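This report concerns strand pairing and surface charge in one protein model. Please consult the sequence and structure shown here.

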Amino acid sequence: MSYEILDHTADVKFKAKGDSLNEVFSESVKAFADIVGGGGGATGHTVKVESENLDALLFDFLDELIFLQETENVAVGGPKEVEIEELENGYGIEATVWTDPITSQQGLLDIKAPTYSEMKVDYIKGEGWEIVAVLDI
């Protein structure tokens with residue numbers, strides 16, 4: 001269970017690892033929070049997404065985190081609880097993330113959108129789950 005921010009020519013890229021889908025998506029929230037510059041968080045916000053496969057779930061989930069920040073004027077600070085469920089026609093995620101209100105003094109990075117470029121959600125035998133994602137800034 002870890003994440004790292006990777007080099008990318010124009011955007012921001014991260015890799016997250018975890019023993020389970022819940023854990024690797026939770027690590028992705030930590031990476032997202034680190035990238036935007038969120039600080040821990042004091043208020044919980046719930047995000048729910050359903051998608052046809054794991055790559056689409058990751059894309060849609062990251063997109064919802066961006067939407068949350070823009071519509072609620074908050075910065076994502078980290079994960080509180082993440083639960084992924086396999087559905088009849090794909091996957092669903094329900095996550096509660098910690099947030100803080102955005103103030104004019106904060107130097108937060110503005111993420112425009114997730115991209116499908118280099119995006120993957122894979123299970124690596126003997127190592128666990130791995131996510132790679134690129135965010136357009």
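## Strand pairing

T43 stands opposite T99 in strand β5, which spans residues 90-101. Strands are DSSP runs of E with at least two residues, numbered from the N terminus. The model is predicted, with pLDDT of at least 70 required for local features and 80 or more for side-chain atom pairs, while totals for chains, interfaces and linings use all residues. Residues are numbered from 1 along each chain as its sequence is written, and side-chain values use heavy atoms, without hydrogens and water.

Strand β3 (residues 43-51) runs antiparallel to β5, to which nine bridges join it; two strands count as paired if DSSP finds at least two bridges between them. β5 also pairs with β4 in the antiparallel sense, over 12 bridges. Here G78 stands opposite W98. Two residues lie between β4 and β5 in their hairpin.

## Negative patch

A surface patch of negative charge gathers E50, E81, E83, E85 and E94. Asp and Glu count as negative, and the charge of Glu is placed at CD. Areas come from the Shrake-Rupley method with a 1.4 Å probe.

Strand β4 (residues 74-87) gives the most to this patch, with three residues. E94 lies in β5.

## Buried and partly exposed positions

V82, in β4, is buried (under 20% relative accessible area), at 11%. E94 is partly exposed at 42%, between the 20% limit and the 50% above which a residue is exposed. The C-alpha atoms of V82 and I93 are separated by 7.2 Å, with the two residues 11 apart along the chain.

Note on methods. Patch = residues over 30% accessible without salt bridge, like charges linked within 9 Å, V, L, I, M, F, W, Y side chains within 5 Å. Salt bridge = Lys/Arg side-chain N within 4 Å of Asp/Glu carboxyl O. Helix = DSSP H or I, 4+ residues; strand = E, 2+ residues; numbered from the N terminus. Buried < 20%, exposed > 50% of the residue type's maximum accessible area, 1.4 Å probe, protein only.
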